[in-house]
Amino acid sequence: MTPHMNARRTAALTAVAAMVVVGVQTGTATAGPSSADDTASAARTTAGASALGVNTADRRGTALRAAQADASAAAESLGLGSQEELIVRDVIKDAHGTVHTRYERTYAGLPVLGGDLVTHTAADGTSKGVDKATEARIAVPSTQPGLKAAANARKVVWAGSGKPALAFETVRKGVQEDGTPSRLHIITDAATGKRLHSFEAVETGTGNSQYSGEVTLSTSQGGQGFELTDGDRGGHKTYDLNQGQTGTGTLVTDADDTWGDGTGDDRQTAAVDAHYGAAKTWDFYKSELGRDGIAGDGRAAYSRVHFGTGYVNAFWDDSCFCMTYGDGADDKSALTAIDVAGHEMSHGLTAATADLDYAGESGGLNEATSDIFGTSVEFFADNATDPGDYLIGEKIDINGDGTPLRYMDKPSKDGGSADYWDSGVGDLDVHYSSGVANHFFYLLAEGSGAKTIDGVNYDSPTADGSTVTGIGRQKAYQIWYKALSVYMTSSTDYAGARVATEKAATDLFGAGSAELAAVDAAWTGVNVK
């Protein structure tokens, strides 16, 4: 690169860094039945958000446009080939003034799957490095396929594993075994037809009982009295699918702004819990992590309740930017608790940041991210009826014996999840391979050994019998969020997650900090070395 290009790149990145500035949350709460004052927790600005840097939607938009204008210079500075271009996905400025710019790549105009990267630029414009999903040189012998594409296929370059190859991506729509909609992405070699990769785009998860007691809801007046539209949080809406499986359904309305009766016999009850859970999740990201909406653009997702008949699950679909909840086997036990909403919305966060591939070890990290933040939202909500814990699905009783669906302190207690990393972890279902990261998070937050937290007994072991001392939940989720949002890429595996969290802990707490030492100890405790 010439000195002229260096100077231009430095000036451009410094300008981008200046555009992403601290913002504040605004908004008021509106009526609904309440026995708790949750407005204060939603509005507070914590040390955690300040440490991470706060990026408002309008400033982010300006920074995105500036970064895209400079994308050609960035590609040249990174030594990319003449046929490669960068497309900006996100720009985050942290509390130190470092700007983290996330890019997708194209080659000869074709999307490069698995080619994403993140650059890190200090406040003075000097480079602090780059994280890439692949180190492979992006090039293919020809962009003309040897085989004819299916009608709905798109031509891409597959760089997710090994040598980049010209490929077709097709999306097979259908229904998964449990009734969840399916959008299976299949990547095939354009020369041989060999399947190179596949992943499910509809991401599933389950949580607690639908009940959170009496709660405050942010609603809006409409043509039919009141409607479940949250004007304080990007206009989040909650719809009733009326047992349908497509579309948005009907916006939930009420004549007197008093919603549900706390039982599954009243159709509004599921909507109340979904709407409340979405609000608490928005507030958690805003006040604890400084994020303006799930995608960072101030835009609300929406919720759909009463999906299908006898559907015992919930799922996030990024194509609609929405959460959907079933009513349980008896059609009266909706899966709409606080941590379920946190779990599902966090799939949207992952899609907007690292976009962890929903397969293999990266899929386990994707699923664990939703468990980690769903649990964090539950603690943040501080709801007496559904207090925070490190148990996933402890009230819904899917197993029929009162046991949780998943355990973060010792994941193998569910009969399938992995406590520790080994070379076969990536072959497990993502809900089981997630156990390694869930266990890491518990150890980082609370430490190893037997203890009682808020009346729940835990006993967390380590792979080597070592003792891990926790740093507290807030620091733990700050580290995980920073790692996810600025250091992880679509192909990050467990070894990469260790590196990403080490970088995050160093940024937040320092190279010689007890927090960084705890990150290393917790990863070693789950056999990620």
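A residue is taken as buried when its relative accessible area is under 20%, and this cut-off is applied throughout to the structure described here, which is a predicted model. By that criterion, 57% of the 529 residues of the protein count as buried. The protein contains 13 helices and 22 strands, and residues 24 or more positions apart account for 62% of its contacts with a separation of 6 or more.

Helix H11, spanning residues 473–487, is mostly covered, since 12 of its 15 residues are buried. The buried residues of H11 are Ala476, Tyr477, Gln478, Ile479, Trp480, Tyr481, Lys482, Ala483, Leu484, Ser485, Val486 and Tyr487. From its first C-alpha to its last, H11 reaches 20 Å, a value close to the 21 Å expected for its 15 residues at 1.5 Å a residue.

Helix H12, which covers residues 494–509, has 16 residues and reaches 22 Å between its first and last C-alpha atoms, close to the expected 22 Å. Buried residues in H12 are Tyr494, Ala497, Arg498, Ala500, Thr501, Ala504, Ala505, Asp507 and Leu508. The N-terminal end of H12 is capped by Asp493, a side-chain oxygen of which lies 3.4 Å from the backbone nitrogen of Ala495, whereas H12 is followed by Gly510, whose phi is positive, near 105°.

Two packed helices are described by the angle between their axes and the distance between the axes. For H11 and H12, the axes come within 8 Å and cross at roughly 115°, and the crossing in which H11 passes H12 is right-handed. On the side of H11, the contact is made by Lys475, Gln478, Ile479, Trp480, Lys482, Ala483 and Tyr487, while H12 contributes Ala500, Thr501, Lys503, Ala504, Ala505, Asp507, Leu508 and Phe509. Sorted by class, the contact of H11 with H12 comprises nine nonpolar, two polar and four charged residues. An α-helix has 3.6 residues a turn, so residues three or four places apart point the same way.

Ser362 is located in helix H8, which runs over residues 360–381, and Ser362 counts as buried because its relative accessibility is 7%, below the 20% limit. The side chain of Ser362 reaches the backbone oxygen of Asp357 at 2.8 Å. When neighbours within four places in sequence are left aside, Ser362 is in contact with Leu356, Asp357, Ser490, Ser491 and Thr492.

His343 lies in helix H7, which comprises residues 338–352, and counts as buried because its relative accessibility is 2%. The side chain of His343 is joined to that of Asp371 by a polar contact of 3.0 Å.

Gly97 is placed in the loop between strand S1, residues 84–93, and strand S2, residues 99–107, and is classed as buried because its relative accessible area is 8%. Although Gly97 and Asp124 are 27 residues apart along the chain, their C-alpha atoms are separated by 8.5 Å.

Conventions: Residues numbered from 1 in each chain as written. Predicted model: local features only at pLDDT ≥ 70, side-chain atom pairs only at ≥ 80, totals over all residues. Heavy atoms only, no water. Axes fitted to C-alpha atoms, helices over the stretch in contact; angles between N-to-C directions. Helix = DSSP H or I, 4+ residues; strand = E, 2+ residues; numbered from the N terminus. Left-handed = near helix turned anticlockwise from the far one by under 90°. Contact = heavy atoms within 4.5 Å. Nonpolar A, V, L, I, M, F, W, Y, C, P; charged D, E, K, R; others polar. Buried < 20%, exposed > 50% of the residue type's maximum accessible area, 1.4 Å probe, protein only. Polar contact = N/O pair within 3.5 Å; in protein donor to acceptor, adjacent residues only side chain to side chain. Expected span 1.5 Å × (residues − 1).
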